[in-house]
Structure formats: structure tokens, C-alpha cells
Amino acid sequence: MTRKLSISLPDDVAEHLDQVDNASAYITEAIRMRRKREHTREMLAGHGIQVTDEGVAAAGERLRAVEERRRQRRVA
Amino acid sequence: MSIRLVLDTSALLAYLAGDTRSLDVGELLASVEENGDLTGIPVACLIAAYRQVEAQHQAKLLQLAEGDDGPTVILPILAADAASVAEKVLRLDLDRAQAAAETLKHDATLATYEPAAYAACLDEDDILDL
């Protein structure tokens with residue numbers, strides 16, 4: 001089922017949505033991703049792990065560095 | 001969504017350790033998920049970790065691995081994977097053999113506290129040394 005909603009958005013967000021093919025699907029995906037992120041952070045907190053945005057970003061950098069080394073090896 | 005990261009037994013035990021190692025693994029999990037990917041937990045590693053921890057941590061482990069819509073997915077040993085795992089189990093314990101096989105199968109990165117243990121099967125740049 002779906003519901004039709006009237007919502008107010010900042011200009012920059014509205015302008016972005018003007019350029020996507022299916023704004024409803026786009027917003028739905030964004031909200032589901034946000035909910036998934038919140039769910040994971042709640043689970044981690046429930047396990048005594050309080051992650052921070054900075055820590056998550058740093059972890060991502062470490063992982064990307066390994067992936068980049070692997071990519072470089074393969075093209076060498 | 002693709003499997004971008006694989007956690008081995010040492011990483012799963014670290015997740016449950018209740019110290020900075022837990023935070024390191026937790027932040028990795030969150031990072032992978034927030035990029036739209038998944039972290040794989042080889043079933044042999046899940047079982048190996050499960051048998052090493054107390055009941056309260058066993059519940060956490062299952063919650064991490066089995067939760068719907070969570071950041072992880074359990075990786076089974078499929079019939080098609082048997083040869084790859086069997087070849088590696090000649091040099092590694094079963095849990096590590098599956099972790100190495102899954103890392104290669106999914107072109108992922110293995111997160112572990114025991115990188116030296118995988119030297120026979122993985123390149124250094126397949127491994128994130130926690």
C-alpha cells in the first residue's frame with residue numbers, strides 16, 4: 001500500500017528531486033537507508049558499542065586504503 | 001548489495017570483547033553498511049566464536065549475525081564452495097579456511113586480528129589488520 005503525502009522541503013532538496021525520474025522511489029530508498037543505519041547503530045549501542053560519525057568515517061578510510069592497495073596490485 | 005567485508009573468528013570475538021576492539025569492529029560494520037554494502041560472517045567463524053564465549057555473548061553474536069535488515073549476512077558453505085574451502089583447510093583451521101575462501105569469492109576484505117595466519121592463502125592487501 002502507499003499513501004499520498006504533502007511535504008515541505010528546502011529549495012536545494014526540491015531542486016534535486018526535480019531532476020530524478022521517480023521522486024517517490026528516491027525518497028523511499030533514502031528513508032529506508034536512514035532507518036537501516038539507525039537500526040544498526042541501535043543494535044551496536046545495545047551491545048555496548050557507541051560509534052561516532054568520526055570513527056565510522058575513519059574506519060571507512062582504513063578499509064578504502066586496503067581496497068586501493070589491492071586495486072593497485074591488480075593493475076600493476 | 002555486495003559483501004565488501006568478511007569478519008573472521010578473531011574479529012567476532014573482538015566485537016564481543018567490550019573494549020576498544022569492539023568499537024573498531026563496530027565502526028567498520030557501520031561504515032560498510034552506510035556505503036550500501038554488507039559484512040559477511042562465515043558460518044564456520046560464527047560457530048567457532050560461539051563455542052568460545054559465555055551465554056550472554058552468544059546471544060549478542062546471534063543478534064549480530066541473524067538480525068533481519070542488519071549490517072551482516074551469514075555466509076554458508078555451499079556445495080559449490082566445498083572445493084575452495086577444502087583446499088584451504090589443508091593449511092588452515094576450518095573457520096579460517098572458510099573466511100579466506102569467502103574473502104576471495106566475494107572479492108572482499110578480511111578483517112582479522114590474526115593476519116599472519118592467512119599468509120598461505122591471502123595477499124596482504126586482502127586483509128585489514130585490526
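In this predicted model, K36(A), R37(A), T40(A), R41(A) and L44(A) of helix α2(A) meet G26(B), A30(B), E33(B) and E34(B) of helix α2(B). The two helices pack at an angle of about 170°, with their axes 10 Å apart. Angles over 145 degrees count as roughly antiparallel, and α2(A) and α2(B) are therefore roughly antiparallel to each other.

**Where the chains touch**

- The contact involves 23 residues of chain B and 22 residues of chain A.
- On the chain B side, α2(B) supplies the largest share, with 9 residues.
- Helices α2 and α4 (55-66) of chain B each give at least two residues to the side that touches chain A.

**Chain A**

- Chain A has 3 helices and 0 strands.
- Its pattern along the sequence is α-α-α.
- The radius of gyration of chain A is 18 Å, while the globule rule gives 11 Å for 76 residues, so chain A is more spread out than a compact globule.
- Along the principal axes, the C-alpha atoms of chain A fill a box of roughly 50 × 40 × 25 Å.
- Of the 76 residues in chain A, 11% count as buried.

**Helix α3 of chain A**

- Helix α3(A) covers residues 53-75.
- How far apart are the end C-alpha atoms of this helix? They are 33 Å apart, which agrees with the 33 Å that 23 residues should span at 1.5 Å a residue.
- V56(A), A59(A) and L63(A) are the buried residues of α3(A).
- In general, an α-helix has 3.6 residues a turn, so residues three or four places apart point the same way.

**Chain B**

- Chain B has 6 helices and 5 strands.
- From the N terminus on, the order of its elements is β-α-α-β-α-α-β-α-α-β-β.
- The radius of gyration of chain B is 13 Å, close to the 14 Å from the globule rule for 130 residues, so chain B is as compact as a globular protein of that length.
- The C-alpha atoms of chain B fill a box of roughly 35 × 30 × 25 Å along the principal axes.
- Of the 130 residues in chain B, 50% count as buried.
- Among chain B contacts with a separation of 6 or more, 65% join residues 24 or more positions apart.

**The nonpolar core**

- The largest nonpolar core has 46 residues, and L12(B) and C45(B) touch the most other members.
- Helix α2 (residues 20-34) of chain B gives this core its largest share, 6 residues.
- Which residues does L12(B) contact, leaving aside its neighbours within four places in sequence? L12(B) is in contact with L7(B), I41(B), C45(B), L46(B), A49(B) and L61(B).

**D126 of chain B**

- D126(B) sits in the loop between β4 and β5 of chain B.
- Is D126(B) buried or exposed? A residue is buried if 20 or more other C-beta atoms lie within 10 Å of its own; D126(B) has 22 and is therefore buried.
- Leaving aside neighbours within four places in sequence, D126(B) is in contact with R70(A) from chain A, and with T103(B), T109(B) and L110(B) from chain B.
- D68(B) is 58 residues from D126(B) along the chain, and their C-alpha atoms are separated by 28 Å.

Notes
Residues are numbered from 1 along each chain as its sequence is written. Chains are lettered from A and ligands numbered from 1 in the order in which they are written. This is a predicted model: local features need pLDDT of at least 70, side-chain atom pairs count only at pLDDT 80 or more; totals for chains, interfaces and linings use all residues. Helices (H or I, at least four residues) and strands (E, at least two) are DSSP runs, numbered from the N terminus. The radius of gyration is taken over C-alpha atoms; the globule rule is 2.2 Å times the number of residues to the power 0.38. A residue is buried if 20 or more other C-beta atoms lie within 10 Å of its own, exposed if 12 or fewer, and partly exposed in between; C-beta atoms are placed from the backbone. A nonpolar core is a set of buried Ala, Val, Leu, Ile, Met, Phe, Trp, Tyr and Cys residues joined through C-beta atoms within 7 Å. Two residues are in contact if their C-beta atoms, placed from the backbone, lie within 7 Å. The expected span of a helix is 1.5 Å times one less than its number of residues. Axes are lines fitted to C-alpha atoms, for helices over the stretch in contact, and angles run from 0 to 180 degrees between N-to-C directions. Angles under 35 degrees count as roughly parallel, over 145 as roughly antiparallel, 65 to 115 as roughly perpendicular and the rest as oblique.
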